[in-house]
Amino acid sequence: MPIQARERLIATAEALFYQRGINTVGISELIETSGVGRASFYRHFESKDALVHAVLRHRNEMTLASLEAGIAANDSSPLGVFDVVAERYGQADFRGCAFINAMVEAADRGSETHRIARGHKLAQIQIIARVLEQAGYSPSHELACDFQLLIDGAVMGVLREGNLEPVERAKQIAARLLRL
């Protein structure tokens, strides 16, 4: 039962933080919404920050696994990365990148929240670099950093425009980079 409480807290926090932002959701709301007692909350997490970090680590694992699976489903094509991104960004509940959102809310580049979120972006770059390298593109790390910049920019474009056209434009720019 204790593991269930931890999982419920993480799932509840992940949903609420993504919907409304980390700073607007309090511990009391997390406890009430998850149905977990206050003592149980503190048995699993010493603070709200500890829960935020657990949520980000969980989301990191899920997002990276989804990215890897999506790329494989697109025949490991470097441009397939943008198709994977479009699938997520096109969902009705899309509210931006949870990791970018967390970095913005944390504001402190030295915080653990920022470190975890930055680590996620660096892991994505490594995945993209591997895909580029396997497709014969070099320097793969530099191109992967360019792709990540395009992906992160597409997040804001989708939020601004309310459609997936920014992802398509990012994909077109990436295609031009690959021809260089």
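## Stop one: helix 6

Start by selecting residues 98-106, which make up helix 6, and look for its buried residues: Ala98, Phe99, Ile100, Ala102 and Met103. Keep in mind as you go that this is a predicted model. Now step just past the end of helix 6 to Ala107, which takes a positive phi of about 65°.

## Stop two: the two domains

Next, colour the protein chain by domain: residues 1-45 are domain 1 and residues 48-178 are domain 2.

Which residues of domain 1 lose the most area to domain 2? Select Glu14, Tyr18 and Ile22: together they account for 48% of what the domain 1 side buries.

Stay here and count 10 residue pairs in polar contact between domain 1 and domain 2, both residues of each pair being at pLDDT 80 or more.

## Stop three: the salt bridges

The structure holds 10 salt bridges, and one salt bridge is counted between domain 1 and domain 2. Zoom in on Glu14 and Arg59, whose closest N and O atoms are 3.2 Å apart. Glu14 sits in helix 1 and Arg59 in helix 4 (residues 48-73), so the pair ties together parts that are 45 residues apart in sequence. Are these two buried or exposed? Both Glu14 and Arg59 are buried.

Now select Arg130 and Glu68, a salt bridge with its closest N and O atoms 2.5 Å apart. Arg130 belongs to helix 7 (residues 112-134) and Glu68 to helix 4, so this pair ties together parts 62 residues apart in sequence. Arg130 is partly exposed, at a relative accessible area of 35%, and Glu68 is partly exposed at 34%.

Move on to Lys171 and Asp83, a salt bridge at 2.8 Å between the closest N and O atoms. This pair links helix 9 (residues 165-179) with helix 5 (residues 80-89), the two residues being 88 residues apart. Asp83 is partly exposed, with a relative accessible area of 33%.

How values were computed
Residues are numbered from 1 along each chain as its sequence is written. This is a predicted model: local features need pLDDT of at least 70, side-chain atom pairs count only at pLDDT 80 or more; totals for chains, interfaces and linings use all residues. Side-chain values use heavy atoms; hydrogens and water are left out. Domain bounds come from an automatic or database domain assignment. Buried area is the accessible area (1.4 Å probe) that two parts lose on being put together, summed over both. A salt bridge is a side-chain nitrogen of Lys or Arg within 4 Å of a carboxyl oxygen of Asp or Glu. A polar contact is a pair of N or O atoms within 3.5 Å; within protein, one must be able to donate a hydrogen and the other to accept it, and residues adjacent in sequence count only if both atoms are side-chain atoms. Buried means under 20% relative accessible area, exposed over 50%, partly exposed in between (1.4 Å probe, protein chains only). Helices (H or I, at least four residues) and strands (E, at least two) are DSSP runs, numbered from the N terminus.
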